[in-house]
Amino acid sequence: MKFLSSLSKKQLAGKTVLVRLDLNVEASDIAHSIRIQRAIETIQFLCSRGARVVVASHRGRPQPLAEAMTNDQFPIPKISKGETLRMFKNVFQKALKEKVTFFDYFDFKKIKEEIAQDSNGIFLLENIRLLSGEEQNSKTLAKQLASLADMYVNDAFAVSHRAHASVAAITRYIPSYAGIELEQELVAFKRAKQKTADPLVLVLGGAKISDKIGVIRSFAHAEAVLTGGGIANTLFAAQGEYIGKSLYEKNVSLDDITRMKNVLLPLDVVWHEGKILDIGRGTAREYGDVIQAARMVIWNGPMGLTEQKKFRIGTRALWRAACASKAFVIIGGGETTSFIESIASAPQLRLKHIFLSIGGGAMLDYLSGKKLPGIEALERK
Ligand code: 3PG
């Protein structure tokens, strides 16, 4: 795999670089999102070395446009506020003090001409999932994207579990590199996957239950697996415990996991209107102590319904324990990181022993031992 960080200023100056970012962030989270901060740092890295930057990303899961709309109609009609990338023109312009050109059409010939007219600057494509070829990993779309630039950078770990044209197929047609953010993720996860004698603790909560089951199986060697949220409810239900109307998943085979001695269930929980909505204070203390004694912690998923203030206590307590711990801590999952981004102080966010991953599903797939198409594509190069 080749890394963007290894390229010199000379190798980048005057080049046009297509960067795949993951700008899949709610409008209300943009200001404090690490996904966006790291995207800005990567663009800055390229601009400061004299490259022209073309940004491609998805946002949400839009219905792809009919073919006729993609080339001939300007601008592309009807894109919802949650799916357009238009607002990033201002976000990048403000943060980078550079001109940003936003293309609200997908006529690649015209886009290429526009890029050629500027010797530097940032160019932003509209949501790439509006093109049906993206999710089909289409060679045609990959070639069209590759035609815009001299080199390609994948800096979107969070979408690297998708075999999509701007993530995987594109690497066949243009020199391709792992970006700065992706490199940080790979370094952190490599460290986590090394089976050392150090006590490793896995913390799993939130929804996406079946994906997390795979992670538990891959980390059978973990000293402890601390469970909360939907995953704990599913395990309670599998053992015949009462969970009322709480979120859980039926029809998942858990016999092997319920037998695992290292998998801990909450000792006490917070009930509200017939549902379990947080771990209790006793559990928060117990889990906090385990985190503080660990040497490596991997955490994905909140312990409670963090959208509501009164059910944040458990997740907040574990965040404090992670900050105080001597362990190397990796935290990922959209819900978990956006909650932490909203409560963490600036010094906490600078703690060297904590790595906030931008990956949600990608993190779970990677930890479960699945191959990520975006990463495999870079390795094949
Ligand atoms: C994410 O937010 O996890 C990524 O952007 C991937 O999004 P997706 O699940 O829609 O592919």
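Between which helix and which strand does the loop with Lys97 lie? Select Lys97 in this predicted model: the loop runs between helix 4 (88–96) and strand 3 (100–103). Lys97 has a positive phi of about 50 degrees, although the residue is not a glycine. With a relative accessible area of 70%, Lys97 counts as exposed, because the cut-off for exposed is over 50%.

Next, select Lys208. This lysine sits in the loop between strand 7 (200–204) and helix 9 (209–218). Lys208 is not a glycine either, and its phi is positive, near 45 degrees.

Now colour the chain by domain. The domain assignment gives domain 1 as 4–182 + 374–379, and domain 2 as 193–344. Taken over C-alpha atoms, the centres of domain 1 and domain 2 are 34 Å apart.

Move on to Ile358. Is this residue buried or exposed? Ile358 has 6% relative accessibility and therefore counts as buried; the limit for buried is under 20%. Ile358 belongs to the loop between strand 14 (354–356) and helix 16 (361–367).

For the last stop, show the surface and select Lys139, Lys143, Arg172 and Arg380. Together these residues form a positive surface patch.

Note on methods: Residues are numbered from 1 along each chain as its sequence is written. This is a predicted model: local features need pLDDT of at least 70, side-chain atom pairs count only at pLDDT 80 or more; totals for chains, interfaces and linings use all residues. Side-chain values use heavy atoms; hydrogens and water are left out. Patches are made of residues with over 30% relative accessible area and no salt bridge: like charges are joined within 9 Å, nonpolar side chains (Val, Leu, Ile, Met, Phe, Trp, Tyr) within 5 Å. Accessible areas come from the Shrake-Rupley method with a 1.4 Å probe; for residues, only the protein chains shown count as cover. A salt bridge is a side-chain nitrogen of Lys or Arg within 4 Å of a carboxyl oxygen of Asp or Glu. Lys and Arg count as positive and Asp and Glu as negative; His and the chain ends are not counted. The place of a charge is taken as NZ of Lys, CZ of Arg, CG of Asp or CD of Glu. Domain bounds come from an automatic or database domain assignment. Helices (H or I, at least four residues) and strands (E, at least two) are DSSP runs, numbered from the N terminus. Buried means under 20% relative accessible area, exposed over 50%, partly exposed in between (1.4 Å probe, protein chains only).
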